[in-house]
Amino acid sequence: MNHGTSWYIGCPLSGKTTLGLQKLEESARILGGKKLIIDCRRVSTFETYPHAPDVYSVATEIRLGKIPCFTPENEKDFEAVIALVARAGWSHVLIDEANLFLSPNYVSPNLKGLMRDARHHHVSLHLTTQYIGDLPPVAFSFDPTVYVFRCRGSRNLDRVQKEFDLSPAVVENLPQFS
């Protein structure tokens, strides 16, 4: 277990977020440090975690030893919380549906920088997406660990084959992780 970036790729209910959350907990337990969940879509998976209403509250919750969830309202909120993570260091972050801030239309400069420098900042970064087909090439530029779950859709299956040389037929029929 070390600091760096991990991707969890798969369709809804494939288990990607479940494993991402388990790996977040594991990395924090082994390496120590603070935890943060960025819940881009406010999903039920994270409803038991306290949701911080703003970036200032995220910092406060972390200082109090709580595991905050944060749902950014826009790119400015997202950039601010990622900048906070980079400054704080020694943290473990799960970004559910990271493709919302890392896409052909918008590449978060702070997320790109954190992905590049995660090990330097002592951050373990766990990123989930349903839409690997929409991710820009930079998503896999910094030697991430990648977990591929069941995927659907020709763009996603084509990208999984291109990036990881995995058979679309095999990936489309993977069992659900539990």
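The legends below describe a predicted model.

**Figure 1. Overall fold of the predicted model.** Along the sequence, the elements follow the order β-α-β-β-α-β-α-β-α-β-β-α-α, comprising six helices and seven strands. The C-alpha trace extends over about 45 × 30 × 30 Å along the principal axes. Of the contacts with a separation of 6 or more, 72% join residues 24 or more positions apart. Buried residues account for 51% of the 178 residues.

**Figure 2. Surface and charge of the protein.** The accessible surface amounts to about 8600 Å², and carbon and sulfur atoms contribute 50% of this area. There are 19 positive and 19 negative side chains, and the centres of the two sets are 3 Å apart.

Figure 3. Ser14 lies in the loop that links strand S1 (4-9) to helix H1 (16-31). The relative accessible area of Ser14 is 0%, and the residue is therefore buried. Beyond its neighbours within four places in sequence, Ser14 contacts Phe149, Arg150, Gln176 and Phe177.

**Figure 4. Cysteines without disulfide partners.** The whole structure contains zero disulfides. A disulfide would require the sulfur atoms to be within 2.5 Å. Cys11 is buried, at a relative accessible area of 8%. Cys69 likewise takes part in no disulfide, the nearest cysteine sulfur being that of Cys40 at 10 Å. With a relative accessibility of 0%, Cys69 is also buried.

**Figure 5. Ser103 in the loop between S5 and H4.** Ser103 belongs to the loop between strand S5 (91-96) and helix H4 (109-117). Its relative accessible area is 12%, so Ser103 is classed as buried. Apart from residues up to four places away in sequence, Ser103 touches Asp134 and Pro136.

Figure 6. The buried residues of H4 are Leu111, Gly113, Leu114 and Met115. The elements covering these residues include the strands S1, S5 and S6 (123-129), together with helix H3 (75-88).

Methods: Residues are numbered from 1 along each chain as its sequence is written. This is a predicted model: local features need pLDDT of at least 70, side-chain atom pairs count only at pLDDT 80 or more; totals for chains, interfaces and linings use all residues. Side-chain values use heavy atoms; hydrogens and water are left out. Helices (H or I, at least four residues) and strands (E, at least two) are DSSP runs, numbered from the N terminus. Buried means under 20% relative accessible area, exposed over 50%, partly exposed in between (1.4 Å probe, protein chains only). Contact means heavy atoms within 4.5 Å. Accessible areas come from the Shrake-Rupley method with a 1.4 Å probe; for residues, only the protein chains shown count as cover. Lys and Arg count as positive and Asp and Glu as negative; His and the chain ends are not counted. The place of a charge is taken as NZ of Lys, CZ of Arg, CG of Asp or CD of Glu.
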